[in-house]
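Please look over the sequence and the structure below before reading on, and keep both at hand while you follow the explanation.

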Amino acid sequence: MATSTDAVTVHVKIQGDAVGGKACLSLYMNDQSLACASAALAASVECVLAPGETSTTTILQPDMSATQVGKTWAEMIQPSMYVDLDCDASTWTYADGPVFGVMPGQTVEIQLKPKED
């Protein structure tokens, strides 16, 4: 069961023109000992920034009962999480890539930039 102490705080920073838009973020959990197994979706959120805004903070509350290959977070050998951006559904794209090595309760920053035409 997830608690407020499991929540991952994400600071979203936009580089370049502050045109406004949305960032669709997901939090995945995976057992690093299972390198080839698909990660489990633990949380997702859509952040909306108004024109002129270059940053926002959001919370991803992970579902700690989500499973990867039948194992929950508590049962994983080398549990880890990462914050991912759905580039197709978002106004921006990565400036630095996904944020790996995230743990419950951690605060992280993700850098985004405008998509190139």
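The paragraphs that follow go through a nonpolar core, a group of aromatic rings and a loop residue.

Bear in mind that this is a predicted model. In general, nonpolar side chains in soluble globular proteins tend to be buried together. Here the largest nonpolar core has 28 residues, and those with the most contacts inside it are Val10, Met29, Val83 and Ile110. Two or more residues each are given to this core by β1 (8-14), β2 (21-31), β3 (40-49), β5 (79-85), β6 (92-94), β7 (99-102) and β8 (107-114), and the largest share, five residues, comes from β3. If residues up to four places away in sequence are not counted, Met29 touches several partners, including Ala42, Met64, Trp73, Met76 and Met81.

Turning to the aromatic rings, a search of the whole structure finds two aromatic pairs. In one of them, Tyr28 and Tyr82 are stacked, with 5.3 Å from centre to centre and 20° between the planes; this pair links distant parts of the chain, since Tyr28 is in strand β2 and Tyr82 in strand β5, 54 residues apart. Tyr82 has a relative accessible area of 18% and is therefore buried, because buried means under 20%. The rings of Tyr82 and Phe100 have their centres 5.3 Å apart, but their planes are at 40°, so this pair is tilted. Phe100, in strand β7, lies 18 residues from Tyr82, and at 59% relative accessibility Phe100 counts as exposed. Tyr28, Tyr82 and Phe100 form one aromatic cluster.

Finally, Asp96 lies in the loop between β6 and β7, where Asp96 is exposed, with a relative accessible area of 59%.

Methods. Residues are numbered from 1 along each chain as its sequence is written. This is a predicted model: local features need pLDDT of at least 70, side-chain atom pairs count only at pLDDT 80 or more; totals for chains, interfaces and linings use all residues. Side-chain values use heavy atoms; hydrogens and water are left out. A nonpolar core is a set of buried Ala, Val, Leu, Ile, Met, Phe, Trp, Tyr and Cys residues joined through side-chain atoms within 4.5 Å. Buried means under 20% relative accessible area, exposed over 50%, partly exposed in between (1.4 Å probe, protein chains only). Helices (H or I, at least four residues) and strands (E, at least two) are DSSP runs, numbered from the N terminus. Contact means heavy atoms within 4.5 Å. Rings of Phe, Tyr and Trp (its six-membered ring) pair if their centres lie within 6.5 Å; planes under 30 degrees apart count as stacked, over 60 as edge-to-face and the rest as tilted.
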